[in-house]
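Let's take a friendly walk through this protein model. Have a look at the sequence and the structure, then read on.

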Amino acid sequence: MPPHAPEPTADRSATDPLARERAHLASSRAALSAMRADVAALDIKDVAANWVNAQVLQRQIDERITALADLADTPLFFGRLDYLHAPGAEQAEGAASNGAARSASIRGGGRATGGRFYIGRRHVHDAEGDPMVIDWRAPVSQPFYRASKKDPMDVRMRRRFGYTGGELTAYEDEDLTDASTGDTAGKLLQSEIERPRVGPMRDIVATIQPEQDEIVRAGIGGTVCVQGAPGTGKTAVGLHRVAYLLYAHRERLARTGTLVIGPNRSFLHYIEQVLPALGELNVAQATVDDLVAHVEVRGTDTPEAALIKGDARMAEVLRRAVRSGVTMPVEPLVVVRGSRRWRVPAYELEEIVRELLDRDIRYGAAREALPQRIAHAVLVRMEQVGEAPDDRVQDAVARNPAVKAVVKAVWPPVDPAKLVLRLLSDPEFLAEQAAGVLSAEEQAAILWAKPARGVKGAKWSAADAVLVDEAADLVSRTPSLGHVVLDEAQDLSPMQYRAVGRRCTTGSATVLGDIAQGTTPWATPGWAAALHHLGKPEATVEELTQGFRVPREVIAYASRLLPAIAPGLAEATSVRESPGDFAVRPVADPAGLDAAVVAACRAALRREGSVGLIAADARIPALAAALAADGLPHLAPGEETTADARLTLVPATLAKGLEYDYVVLDEPAEIVSAEPDERTGLRRLYVALTRAVSGLTILHARPLPNQLR
């Protein structure tokens, strides 16, 4: 059914459906404002027992006030469901304790009369507690995304709303009881998917598709891996999954924490507004480098060295290195207490040490257990002569100088950074720990040419920092979070997967990526291997192949590269009706390439939306100068676009995960040749080709790669 636009009449009577919906929107905004005012008016003076409690309560109140903010340009609700039968209370309220009151359909009154529910980004209720807007994550909202004419899920009518600048301007109805017509995407849904964007990534809560919704609402008990082609919304799906899990398991995740891991700071800045728009403010964001920042990274590795350091075999080398300092006792232990002397022979001490080694527990935990085990051996001797020592005596014996001296000698403390420093600086030590694991050539490749004098003076690389993190975990267990989202996961090395996996050993994860977009020398060959290194081999792998953002012609052109870069992947398709603006323009004179690129940028800026100019990293300075000479202001990746500055100059190495309405792509052959091998170069080009949402213009003076001809 076509969208209903405002009727051309001055009389906005109660019989005008659009006027009624606008009135409900106004009432809902007023109710949200009242909810916020109620929280702001809370007086905690007589509630907080002390200053610390008062600070904690006030912080929670401040966060609640922020979460209840009414964003003027963000629709408070975007859809409506009219059920054939009013849902039960359990379905209407859901599992979350979001303050959702009893459903109006149960109470027989309120704004959402009968089986009618307005679906929005957050729950809103009136002064009586009747819901005016239902959270999109509640069970009663699920049919908005999944109901079809084949399976209407007891829904009579689904209504979508169209907005312009925060104002409700149209609606579109879909009668799910009429099976005579097929399921087709309405114009409002299509326009919302294709709507130009300016600024950071926005949520997709109004346009979530059934296959996406299944992933979003997957349970917290298991890990989900999403293989997603460009434009399938895998990143947004992962973020909405976090929002859903926080809704359904808020208390659990409040205790254990959640984390979103992205490839770089520009990417995190691009996505950082999605969760706050959904009312979720307490989700941490980090890169893998942030997680392993035990040492200051100031150096770089050769590709060969980085590949070896990222190999999972390094975990065994480090395990050996951490335990290499453990030695067997050769002298008996004598503990003096009062007038008595208690002797533990060397062979018994050795048995204790070997037992701890065989249990393979954390090095630090074993070192803490060792004095207690030795003290227990002393207490056994005390009991044999008729004494009755208790726990206090055992603790005192464990602190005895003689016991402490034995522990220090046979199980010395380990500093993870110093250990890795020695491993990469001392050829003999490395050879001893890597025997049978790394070849002599591989050992030589990772050794520092100029050994550092100390931890602070060393020029650590990013791969070295991951090794330090592995060593730190071997000494002391890394705390686990409740849920981790790992985006652009295809680019991680096995050792980086292990670093992320340590952060969710007792929790779950959402792994997002695209094998075809792996652009590191150590990019994962497949998800089975990646999930094994992550410690989640039982994870469910879902594949998204339907693109909703990338134009049909653009994705078809980019897919020409798939046989060369990821032959096992299915070719992505696009559900968009419009083919998109697509052009490949050769430039006869290489000297005129910069001018042609600037002209293409100017042409793209005459349209609505954001523009990205993507080029090989080495080309960025020349293009920046050309843009400046022509008076075209431009931004760097991560800087927020505005109405006055909509052009971003993007190095190809930073393009992953970003989207622009229109993309101008400079010299594809140079993007390919900038990488160490052809496959990685073609994958980098595949990423660059698929950043466009509405149009792509390719300019080249050099011949295109053979795969694109």
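In this predicted model, a polar atom on the side chain of Arg137 lies 2.7 Å from the backbone oxygen of Ala243. The side chain of Arg137 also makes a polar contact of 2.8 Å with the side chain of Asp135. The points below look at this residue and then turn to a sheet and its helices.

- Is Arg137 buried or exposed? Its relative accessible area is 3%, and under 20% counts as buried, so Arg137 is buried.

**The sheet**
- Five strands make up an open sheet, and their order is β17-β21-β20-β18-β19.
- The pairing in this sheet is parallel.
- At the edges are β17 (581-586) and β19 (647-651), each of which pairs on one side only.
- From one strand to the next, the twist averages 15°.

**A closer look at one strand pair**
- How many bridges join β20 to β21? There are six between β20 (residues 660-666) and β21 (residues 692-700), and these two strands run parallel.
- Val664 has Thr697, in β21, as its bridge partner.

**Helices on the sheet**
- Helix α30 (residues 678-689) packs on the sheet, where it touches β18, β20 and β21.
- The direction of α30 makes about 140° with that of β20.
- Helix α28 (residues 620-629) lies across β18 (611-615), β19 and β20.
- Relative to β19, helix α28 runs at about 165°.

How values were computed
Residues are numbered from 1 along each chain as its sequence is written. This is a predicted model: local features need pLDDT of at least 70, side-chain atom pairs count only at pLDDT 80 or more; totals for chains, interfaces and linings use all residues. Side-chain values use heavy atoms; hydrogens and water are left out. Two strands pair if DSSP finds at least two bridges between them. Helices (H or I, at least four residues) and strands (E, at least two) are DSSP runs, numbered from the N terminus. Axes are lines fitted to C-alpha atoms, for helices over the stretch in contact, and angles run from 0 to 180 degrees between N-to-C directions. Contact means heavy atoms within 4.5 Å. Buried means under 20% relative accessible area, exposed over 50%, partly exposed in between (1.4 Å probe, protein chains only). A polar contact is a pair of N or O atoms within 3.5 Å; within protein, one must be able to donate a hydrogen and the other to accept it, and residues adjacent in sequence count only if both atoms are side-chain atoms.
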